[in-house]
Amino acid sequence: MRFILRRLGFYLIAFWVSITLNFLLPRFMPGDPVSRMFARSAGQMQPEQIEALRKLLGVDSRPIWEQYADYLHNIVTGNMGVSITRFPTPVTEVIASQIGWTLLLGGTALVIAAVVGNLLGILAAWRRGGAIDSALPPLLVFIGSFPYFWLAMGALYLFGVILGWSPLRHAFTDGLEPAFSWEFIGDAGAHLVLPALTIVLVSIGGWMLGMRNTMIATNAEDYITMAEAKGLKPGRIMFRYAARNAMLPSVTSFGMGLGFVVGGALLTEVVFAYPGVGYQLLNAVQGLDYPLMQGLFLTITAAVLLANFLVDILYVRLDPRVRAS
Amino acid sequence: MTTYIDPSPSAAAAALESPTAAPASGAPAPGSAAAPAPRKPRQGLVHGLLSNSKAMVGAAILLVFIALALLAPVLFPGDPSRITDMAGLEPSAEHWLGTTAKGQDVMALTIHGARSSLLVGLTVGFASTFVGILVGLASAYFGKFIDEALSLVTNVFLLLPGLPLLVILAAFLPPGLGTVILVLIVTGWAGSARVLRSQALSIRSKDFVAAAVVSGERAGRIMFREILPNMASIVMGTLLACVIYGIGAQAGLEFLGLGDVSTVSWGNNLFWAGNEGALMTGSWWVFVPSGVCIALVAFALALINYAVDEVTNPRLRKIKPVSEGKAAK
Amino acid sequence: MTVSQVSFGSHEPVLEVKDLTVKYVGDTRSTTAVDRVSFSIGTGEIFGLAGESGCGKSTIANTIMRLLKDPAKIAGGSIRFGGKDVLAMGPEELRRFRWQDVAMVFQSAMNSLNPVLTIGEQITDIYTTHAGYSRKESLRRAAELLELVRIDPVRLKSYPHQLSGGMRQRAVIAMAVALKPSLLILDEPTTALDVVVQQEIMAQIKELQHELGFSVLFITHDMSLMVELSHRMAVMYGGRIVETAKAADIHTAPQHPYTQALMGAFPPLTGPRIPLTGLADGVKFHNIPDLAEVTPGHFVAPFAATDTASAHNSAAACGPATSPALLEGAAR
C-alpha cells in the first residue's frame, strides 16, 4: 500500500511538472508564437480568439503567479482553452472526439507486441541457439531500426497502393456512421490492421530481446536448477519458474515502452490519416494551434502516467516481495 | 522504467535495460586504491569488439555512411535541393534514384541528407550521454538529497512521453538545426542518466572508491578517474543508444514539419516525400532511400551495441560447439 | 527401514560412479573439473565428499542429477543408479528419475526457492507432477511434510522471503524427502547458515535419515561436520579423489598429505589448543595417480615422499595466508 501511495505521489509530481512546463514555455521561450500566429492569420482571427490566445500564451499584464494560479485552476477543472483551427470548439472536446481511436490503435498494437514479443523472448531464451533464438533477433533488430512512420509509409504503399489489400486512409470508410453494428466494427477492424501491424513490427524486437536477456539471467538462478532437479515438466519450469520471475523487470519497463509506442502511434496515425490524437497533433502543428498542442501534450501525458500507475498496481499483484512491505 | 522507488532487486531491473548492468569484469582489488584505477576493462572491450563479427559489420556500415557524408560535396557538388530535371522521373542511368515531384535528384538529396542526420545524431548522442554521465555520477557519488532530487527529475523526464514533448518544445522555439539538437538533448538525456546512475552506484559501493574517499581525493577526481573508467562499456552502450535515438527522433520531428524544412536531411526528405504525395503517385524511389539509410545506420549502431553486450556479458555469447581433446589442467 | 550401521558399504550399491570426467569447455581452453572419479554409495549409507572450494564436489552432485549446464560437459565415465544407466536416460525418464529416486538440497535455500511462489505451491507441484495427486491431497501432504521438519503448516501460504534462513533450509529439506527418494544429495546444506542453525539442520537430516532410511551423498568442506555425520568419505583435490575410507579411519589416520592438511585446518572442539596446520605455500599436487588400497577399505592415491615432507615441515610455519581455500572453509 505504501508503495502504491509513493508511486501515486510521484505521478502527481510528474503531471504537475508537465503542466508547469506547458505554462512556462510560451512565456519564457525566445521565440514569439503569438506574433507568429497573428502574422499568419492576418485579419482572419475573431476578437474572442485573440483574447483566448492572449490568456493562454501569457500575453497578459497580470503578475505571473496570478496567471499561474489561474492556469492551474483551468487545467484542474478541465478547461484547456479553445482550439484555433477548429474555432470555437474547446480543446477538450476536440481531444475527446479523437482519443478513442488512438487508444484503440495504440492499445491493440501495444498488447499484441508485448504479448507476442515476450513469448518469443521466453522461447528464444529457453532454446538457446535454436531457430527462434538465432534467426529472429537480428531480423527484428533490423526491422526495429526503421522509423515507425517510414515502415508505415512502406506498408501503405505496398499493401494499400500497389496490392490494394488495405484501405488507404482513415479509421473507417467515409460516409459510414460510427455505430455498434457488425458492419462498422468489421470496417474499423479492416482499417486498423495495417497501422497496428507496423507498430507491432517496429516495437516487437525490443520486447523480445529484453525478455530474452532477462530470461537468460533468470535461467542461471538456483531456483531454476532446483525446479529442474525436482523433475517438473519443462513447460511448468519455463512459465511458472523462469518466465514468471523474468516478467517482473519486463513489467516495470512497460512504462518506458509505453512512451515510445505512443510516439510511434502518433507518427503512424499521421501516415494513415488515422483520426486519433497524433493526426490531430499534426494538424495543430501545421495550423499553429498552440492551445490544441498543449492540450494534446497534457492529455497524452496524463494517459501515459495513468497507464504506468495501472502497471504499478499489476506489479504489486505479481511480486509478493513488494506486496508484503 | 520505474525505479524512483525500485521495488525489484536492482540487478534484475538493471538487467533488462542492458545486460551489461552487472559490474564490468575485473574490478580492481581494494589495495590498489591509491593508484589510478586499472584500465584493463576498457582494453578488453576494444579487443573483444575487434574480434566480434557483429561489431565489425556495424562499424563497416557506419564508416561507409560517414565517408559518404564527408564526400557529399565532392560527389554531388552544388545545392542538392536545386531542380535538375523533369519532375517524378523513375530511377535511370542519369538519376540513379530518380527525381522528386519537384525535379530534385533523389541521390543527391539522400547523400547530402547523411550530413545533417549524422551530425545531429552524433551531437545529440554525445551531448545526452555527457549530461547522463554528469547526472548519473553526481547522483551516485553524492547520494542522499542530491540523488533523490536528481533521480526524481530523471524519472519525470523519462516518464513524459517523448514525441509530444518534442513537439511542444519544438513548436515554441524558433525553428532551426540548433533547436532540433537542443530539443532532442532535453528529451534524450534521462534514459542514459538512469542507466549510468545505477551502474555508477554499484561501483560507488566498491571498496576502492571508499578507500579513495578516505584518502582524501577530490570529488571530481574520484568521479572521473576512479568510477568513470570502470563503466566504459556501459557508457559506450548508452552512447550508441543515444545516437540511435537522436537520428530516429530527428527524423520523426522533421517528418512532422517541426525541423528546419529548408535543410536537407533524411527526415526532411521524408517530410517532403509525404507532402508531395510520393505514396499516392507511386514514386517509391522518393521515400525509400532516406528511410533505408536511417534504418541501416540505426541497425549498424544497434549491432555494435549488442556486440558490446556480448563482449562484457559472457552469458549472452553464442554457445560454441564442444571441442574435444583440449583438456588443460 | 532403519539405518543399520553395519549396512554401510553394503554390497548392493544405490549409486555407482565410475571414471567420471567432466570438463568445462571454453572458447580458448578447457578445464577438467572432475577427473576419472569413481565411488559408490550403499543402501542407507552416508557418504561424505570433502575438499576445498572449486575442487569439483558440486560438479559431481550436479552431474549425478544431470543438471550440468553449458559449458560443462560430461567427457567420460558412467553413473549407475540402482542398475539404471543415468547418463543414457531420455528426457522423460530423466524427469521421473529426478526427485523420485534422487533428490538434492542445494547450497543456498534462499536462492533455490522461487521468490514468487508460496512454499505450498512449490511443494505441491512435486506431488502433482510425480505422484499425480489432486491439489487438495497434495496440500494435505505438504502440510504433513512441513510438520515433519517442525514448521507450522500455516507457512504453506508464506513466500520464501517471509521465512527465516533456517526455516527456508528446512522447507527445502522437506521438499527433498517429499517423494521418499533412495538417495539424497546434500550440497553444502549449511554453508549460508549460522552455527546454531547449522546444528539444528544437521540434527534434522540425521533424524529424517533414521526415519526414512535413504542414502546420503554429503558434500561439504567442513571436515568436523563430515566426520561426525558420514559413514564413509572421500577427499577430493583438483578434480580427483586422493583418499577414501571409513570416516573414522580418515579421522584417526589420514594418509594423503592433502587429507592431513585438511584435517589439520580445523581446531578440535575440546582438549588442549594446538597450532593449526595447512598445506605449505606453493605445495600443489599434479598428475594424481589412481587410488591404491593401503588397508582394507582404505584407498589412497600414491604420492611422493617429498610431498609429505614439505607439508609437514612447513606445517608449523604456515600462517593464515598460506592456504586461503582451506581457511575459508575453517572460517565458516
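**Entry 1: chains A and B**

I began with charge pairs and found zero salt bridges between chain A and chain B. A note to myself before going on: this is a predicted model. Next I looked up polar contacts, and three residue pairs are in polar contact across the interface of chain A and chain B, both residues at pLDDT 80 or more.

Which helix of chain A gives the most to the side that touches chain B? I found that helix α1 (residues 2-28) does, with 13 residues. Sorting that side of chain A by class, I got 47 nonpolar, 16 polar and seven charged residues.

I then checked how much area is involved. The size of an interface is often given as the accessible area lost when the parts come together. Chain A and chain B bury about 5,800 Å² between them, and 80% of this lies on carbon and sulfur atoms. To the contact, chain A brings 70 residues and chain B brings 55 residues.

**Entry 2: salt bridges elsewhere**

How many salt bridges does the structure hold over all chains? I noted 23. I picked one to look at: the side chains of C:Asp125 and A:Arg236 meet at 3.4 Å, N to O. This pair crosses between chains, with C:Asp125 in helix α4 (residues 119-131) of chain C and A:Arg236 in helix α10 (residues 234-272) of chain A.

**Entry 3: a patch on the surface**

Last, I looked up a nonpolar patch on the surface, formed by A:Val111, A:Ile112, A:Val115, A:Val116, A:Leu119 and A:Phe239. Together they have about 480 Å² of accessible area. Helix α5 (residues 91-126) of chain A supplies the largest share of the patch, five residues, and I found A:Val111 in that helix.

Terms used: Residues numbered from 1 in each chain as written. Chains lettered and ligands numbered in written order. Heavy atoms only, no water. Patch = residues over 30% accessible without salt bridge, like charges linked within 9 Å, V, L, I, M, F, W, Y side chains within 5 Å. Areas by Shrake-Rupley, 256 points an atom, 1.4 Å probe, with all protein chains shown as cover. Salt bridge = Lys/Arg side-chain N within 4 Å of Asp/Glu carboxyl O. Helix = DSSP H or I, 4+ residues; strand = E, 2+ residues; numbered from the N terminus. Contact = heavy atoms within 4.5 Å. Buried area = accessible area lost by both parts, 1.4 Å probe. Polar contact = N/O pair within 3.5 Å; in protein donor to acceptor, adjacent residues only side chain to side chain. Nonpolar A, V, L, I, M, F, W, Y, C, P; charged D, E, K, R; others polar.
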